[in-house]
There are 2 protein chains.
Amino acid sequence: MKLQLAIDELSLEQALIQVDKLKQYIDIVEIGTPFLIDAGRKAVEQMKRKFPELEILCDAKIMDAGAYEAQLAYDAGADYVTVLGITDDLTIKGCVEQAKKQGRKVMVDMICVKDFATRIPALEELGVDVIAVHTGADQQQAGRTPIEDLIEMKKYVKKAQIAVAGGINSKTVEDYMALQPDIVIVGSGILNAVDPVHEVELVHRLLTD
Amino acid sequence: MKLQLAIDELSLEQALIQVDKLKQYIDIVEIGTPFLIDAGRKAVEQMKRKFPELEILCDAKIMDAGAYEAQLAYDAGADYVTVLGITDDLTIKGCVEQAKKQGRKVMVDMICVKDFATRIPALEELGVDVIAVHTGADQQQAGRTPIEDLIEMKKYVKKAQIAVAGGINSKTVEDYMALQPDIVIVGSGILNAVDPVHEVELVHRLLTD
């Protein structure tokens, strides 16, 4: 089970310092969407250059121009790029073709996708690598968690890897582990903790025990 | 009728040079999604600083964390930010609240929204400023244009402004003008023309005649 650290609200400088402190406990560094709006592809480039031993995910949430935008992310050094599950099949196809060309991966963000029973088989048919259950920040504010969606998604995923994101921390991570996702995504649960190193260590220990 | 120049595939340096040549013919400069992935908010900042007389749109295609991501764009100097019409109402509400706080505008990108009859009234109720018909680059490749969607959308929009985007150029712009949108968005139609200044002049003349 991999641990993905999602960075959303740090500057590039702060992010590089934090990842340096936390790197031994994480597998994937996520350049989150607001972080990408803030710093652009430079964030992916510098993170990959400084931490070549970690995988980098560019959370571009691609909605159009799949091949072109995926290429931008992969050329900057991203191992994974995200595409929105709600978008057109042509866009997802463009991302997958680009990923295969470059030997990288596509993660589908299922935020706002309602019909898992028909969408998940279609996404697997398109050849995506990872399907991510994601309860967005705005939905979390309204009290939702990704646990029910993860249970529901498990029914339909046959071959893709499964990731889960949405307000997970050391107190809740075991609820998710019971459902055996391949990637657990934690952001503010670690980065906004009083002691991020202690928190990441806790999460990491739970994931690897 | 305003003309919005969408910049998707230029570097920041190239974009600043092009806008300098084309500025007298355009009203809004769009920092397109791939351009934003490439350069980050610096693209919005530098464009606004160099061309304070033009409006700047940040095509962030917000899907989550509405207030936070809109604030990033507005703080960088954007007059408009885009949010996806397909996303959660809570996210759109966050963008609108941030826009009102800062005296800026929200444009909704209707890409992949299927049910205009129910979605458009809901978006107007949420207080968005502009609703944009958008046939994505991947759908254009498959032969679609935004004209039918614009006709359909006109039936439901009561108070928001209307924008239209998707492969428009000087040869096709009059078809759109007949439907009286408030903002016409042209990107590669101008920037990939043999003579972009001539092309933008043509489009501008048609729009203002």
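**Chatting through a two-chain model**

Colleague: Which residues line the largest cavity?
Modeller: From chain A there are T33(A), L36(A), I37(A), A60(A) and K61(A), and from chain B T33(B), L36(B), I37(B), A60(B) and K61(B). A cavity is a set of points on a 1 Å grid over the protein atoms alone where a 1.4 Å probe fits but cannot get out, and lining residues have an atom within 4 Å of a point. This is a predicted model, where local features need pLDDT of at least 70, side-chain atom pairs count only at pLDDT 80 or more, and totals for chains, interfaces and linings use all residues. Residues are numbered from 1 along each chain as its sequence is written, chains are lettered from A in the order in which they are written, and side-chain values use heavy atoms, leaving out hydrogens and water.

Colleague: How many cavities of 30 Å³ or more are there?
Modeller: The count is one, and the largest cavity holds about 110 Å³ of space, a volume being the space filled by probe spheres set on the points.

Colleague: Which elements supply its lining?
Modeller: α2 (33-39) and β3 (55-62) of chain A and α2 (33-39) and β3 (55-62) of chain B each supply at least two residues. The lining divides into six nonpolar, two polar and two charged residues.

Colleague: Is C95(B) buried or exposed?
Modeller: C95(B) is buried, at 0% relative accessible area; buried means under 20%, exposed over 50%, and partly exposed in between, with a 1.4 Å probe and protein chains only.

Colleague: And K100(B), buried or exposed?
Modeller: Exposed, at 59% relative accessibility. K100(B) sits in helix α5 (residues 89-102) of chain B.

Colleague: What about M47(B)?
Modeller: M47(B) touches I7(B), A15(B), L16(B), V19(B), V29(B), I31(B), F35(B) and I56(B), leaving aside residues up to four places away in sequence. Here contact means heavy atoms within 4.5 Å.

Colleague: Last one: what is the phi of A65(A)?
Modeller: About 50°, positive although A65(A) is not a glycine. Most residues other than glycine have a negative phi. A65(A) is in the loop between β3 and α4 (66-75) of chain A and is buried, at 15%. In chain B, A65(B) has a positive phi near 55°.

Terms used: 1 Å grid on protein atoms, 1.4 Å probe; cavity = no way out; pocket = protein on both sides within 12 Å on 5 of 7 lines; lining within 4 Å. Helix = DSSP H or I, 4+ residues; strand = E, 2+ residues; numbered from the N terminus. Nonpolar A, V, L, I, M, F, W, Y, C, P; charged D, E, K, R; others polar.
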